[in-house]
Amino acid sequence: MRDTRAGVERSSTRRWLVPAVAVTLGGLALLSLHTQLHAFRYRQVAAAVRGLSARSLLIAGVLTLAAYAILPAYDALALRYVGRPLGWRRTAFTSLVAYGFSQTIGLAALASASIRYRFWTAWGLSAVEVAEGVAFTTVTLWLGVATVGGVACLVGSVPITGLVPTSAAVLRSLGVVLLAIPIAYFVWNVRARREVSIGGWRLSAPGPRLAALQILTAAVDWLLASLVLYALLAPFGVGFGTLVQVFVFGQVLGLASHVPGGLGVFESVVLLTLRPIAPPEAVLPALIAYRAIYYLIPFAMAAVGLAVYELTKRRSSVASVVRIAGGWVPGTIPYFLSLTTFAAGVLLMFSGATPGIHARLRWLDAFFPLAVIEVSHFAASLAGMILILLANGIRRRLDVAYHLTVVALAVGIVGSLLKGADYEEAIALTVVLGAFLPARRHFFRPAALTSEPFTPGWIAAVALVLAGTVWLGVFSYGHVVFSQRLLWHFATVADAARFVRAMAGTSAVVIAFGVARLLRPAPARSEPPAAADLERARAVARRCPDVRAHLALLGDKSLLFSESGNSFIMYGISGRSWVALGDPLGPESEHAELVWAFRELALRQGGWPVFYQITRELLPLCIDLGLTMLKLGEEAHVPLATFSLDGGSRRGLRRTLHDVERSGTTFEIVAPERVPALLPALEAVSDAWLAAKRTREKGFSLGFFDAEYLRNTPIALAWRGGEIVAFANVWTSEAKHTASVDLMRFSEQAPRGVMDYLFVKLMLWARDEGYREFDLGMAPLSGFERRALAPAWQRLGALVYRHGEHFYHFRGLRQYKEKFDPEWEPRYLATPGGLAIPRILANVTGLVSGGLVGVVRK
């Protein structure tokens, strides 16, 4: 327990480290910008941006097109490396959308990797191949940094010595070291074997041709990206070699800071290092234009391209519509709307921190009282902060977040028009509101806003927005003396006073929200179920059509109940994997909230939410959670209405039944109240069975011999010579939908065929009792596709199913169950994707087998 707690603490520390670094570096960047720009005014900078020459802007736009045209080469090389080329259209589209999002919002490893994962897996790549491809593009990117940065340090001037005190000789030495990286990489590919082993990991060298293309592609990409900024700064006397050196240095610091898009960090580096060459009043407008041309416009085009793609796909065949609408669209909409909600909040916050257009303010003053303008400005800023906080709830599909967001957007639209006639801002908010209104069905969770966890990254983003808003206000009104009197100063042209009041209001909103979260009840932790919990689970099991609910009564799994107590999820923890067993149990109307609550519980503790042996009915919910589906096998269900021993196909079962009965064996089902007196005899049979099989008790998804557990259900008995020679505990429910067995064990005195005998007798009994079907359990890896285009997991499963008889009777188990003519239903594992899958599979195996010893032994 101590090791588990220490592991959670280490995981929590790692989760907070990167956001803390991002906030720290972002704050330092804003402080640096304030120091460099304190002598300038907001209106001066705005006028300078409008004063940029049309020629420079046009050249920068053309170079941006060229820079983005080279980006698909990253993906093309990565797909060639993993041996899964997709064609230039799919490759280019995926690459441009991925980079359009990742370069603007930052979090490249998350944003671009997730977009590639969505598209590439839909087009046939496995999770491992996607991970290899993403790693390849990352290596390519940094090869470009080393190549271009090294050349720039050798041939450029030395402006970064003003930022990092060093000599020109040291800078040249750094250039040599940087160039040595791509050279060494290329030489390694020329001389290395196709596969090398490093620290237990087997790495495939791409070969000299691919390595050369990697270095060339990345170098051209970085040069073109720096040329975009050079086109805007060239009129001010900045040399290209100097700019490339500064550009690479600033971009690397921006990437290392984890601030979205390196915003503020990159600008601080460029302003500080170019100060001896070009004045800040010339550099800052160029940087603002660069952000718009190279980042914001491609981001908008990527968003539009993604939307057009989805709309186009909806016109395709019914099968494609079902697949895309059921997989990509529902899972993407809340995340996209969460992003736009956050952006809308930032827009309102930044707008409230900058001066209004005085001509528009005087026009409003002619029609409305001053109080309307003041209240509208204050309300719009509060709406902005509320939207930023609500974005987390939108991402988590909360219904209350949806309704409040619609209200906040409406307030923002009205406030934008009445605080300064900002119709451009109102139009942007109206577009966001228009995207929200038809998406109501995607927000169905009734949870409270304060009950949902805020990730460290999300808290860091809110902190950076607040810090950026304060900086923007201070920069805009640097000539104003801030004092308490500003709070009570009201006039038509009194932007600084409105900014101070807005910041006071938004700060109060953040503090109130934080206090509400601190006062909420502590989140539940994983603990063994108490007696009261087991009693509630027993009540649910009696009513639930899914008889697997009886597994909760083993007491080896934690239980997460719904608010009503009528439903629960049973789960176990192994390593970082929080593994829920099967679908939620109880009324279907409570399933969605339980699934989300389980996910949040796992994430709060730094775990991976995993759903094991789920049905196809739960797949849409798991897709909404962003999980990857792996087919585990198929479960056999015998329809009891048509089950009988008549006909030629049942000849073998009739013979077995006859032979067992001729041996003097009789069948009986005893009620739960008679079970305690039989427990010693049952335990003797169980111990003999375990010894004969040379195995040990399992757990989690399989029952084990436990006296308290067996008292809860009827027991089917096979008697011979006055002794119990075989038994099975019978899962039943008041719904009389499904009957099944868990433990089925027999002694050496049992006649041959006793298992078939018990199954047949139980099915006939269940049919006569009015049950609809009999569950024979799962056949692992059965029903897997063998086609060449099937996912890699299914191809591997099909291979093991065909050739794994030496280790486990996969085919024999299915063939045994086939004699009862069952209907087969697929069962799945829903898990976080990527490189975590092997660890999760090992954790699940450990849970079922009772730990590492159980995995190694039978």
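A residue is called buried when its relative accessible area is under 20%, exposed when that area is over 50%, and partly exposed in between, with a 1.4 Å probe and protein chains only. The model is predicted, so local features need pLDDT of at least 70 and side-chain atom pairs count only at pLDDT 80 or more, while totals for chains, interfaces and linings use all residues. Residues are numbered from 1 along each chain as its sequence is written, and side-chain values use heavy atoms, with hydrogens and water left out.

Turning to the cysteines, Cys544 counts as buried because its relative accessibility is 6%, and Cys622 is likewise buried, at a relative accessible area of 0%. A search of the whole structure finds zero disulfides, a disulfide being a pair of cysteine sulfur atoms within 2.5 Å.

On the surface, Val151, Leu154, Val155 and Val176 form a nonpolar patch that together has about 330 Å² of accessible area, as given by the Shrake-Rupley method with a 1.4 Å probe, where for residues only the protein chains shown count as cover. Helix α7, residues 127-155, gives the most to this patch, with three residues. Val151 lies in helix α7, and Val151 counts as partly exposed because its relative accessibility is 38%.

Conventions: Patch = residues over 30% accessible without salt bridge, like charges linked within 9 Å, V, L, I, M, F, W, Y side chains within 5 Å. Salt bridge = Lys/Arg side-chain N within 4 Å of Asp/Glu carboxyl O. Helix = DSSP H or I, 4+ residues; strand = E, 2+ residues; numbered from the N terminus.
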